[in-house]
Amino acid sequence: MDTSAVVDLGRQALWMTVLISAPLLGVSLVVGLVIGILQAATSINEMTLSFIPKLAALALTLAVIGSWQLTTLVDYTRSIFQRIPGLFT
């Protein structure tokens, strides 16, 4: 088994994880930051206040980029399956 191919697969898997999760994490971060600033400015210290806007923003983000995420994951999975025979030569 070629170790460089395995390392390359690991690197690609980590990159795919970052690529797929970055939009959702970024939206969650921005919404949480905005809500946190608004809470600090208005002195409203309700812990559950940021939950609903984050949930709504994540649902909207998934509706917009969900098909891209799924297509990217399917393409990556196909490339993994196509590389399997070459790993054991």
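**Salt bridges in a predicted model**

A search of the whole structure finds three salt bridges (a salt bridge is a side-chain nitrogen of Lys or Arg within 4 Å of a carboxyl oxygen of Asp or Glu). This is a predicted model, in which local features need pLDDT of at least 70, side-chain atom pairs count only at pLDDT 80 or more, and totals for chains, interfaces and linings use all residues. Residues are numbered from 1 along each chain as its sequence is written, and side-chain values use heavy atoms, with hydrogens and water left out.

**Exercise 1.** Describe the salt bridge between aspartate 8 and arginine 11.

Step 1. The N to O distance is 2.7 Å.

Step 2. Both residues lie in helix H1 (residues 3-42), three residues apart, or about one helical turn. Helices are DSSP runs (H or I, at least four residues), numbered from the N terminus.

Step 3. Aspartate 8 is buried, at 18% relative accessibility, while arginine 11 is exposed at 54%. Buried means under 20% relative accessible area, exposed over 50%, and partly exposed in between (1.4 Å probe, protein chains only).

**Exercise 2.** Find where the partners aspartate 8 and arginine 83 lie in the chain.

Step 1. Their closest N and O atoms are 3.2 Å apart.

Step 2. Aspartate 8 is in helix H1 and arginine 83 in helix H2 (residues 51-87), so the pair links distant parts of the chain, 75 residues apart.

Step 3. Arginine 83 is partly exposed, at 27%.

**Exercise 3.** Describe the salt bridge between aspartate 75 and arginine 78.

Step 1. The closest N and O atoms are 3.9 Å apart.

Step 2. Both residues lie in helix H2, about one turn apart.

Step 3. Aspartate 75 is partly exposed at 42%; arginine 78 is exposed at 51%.

Note on methods. Helices (H or I, at least four residues) and strands (E, at least two) are DSSP runs, numbered from the N terminus.
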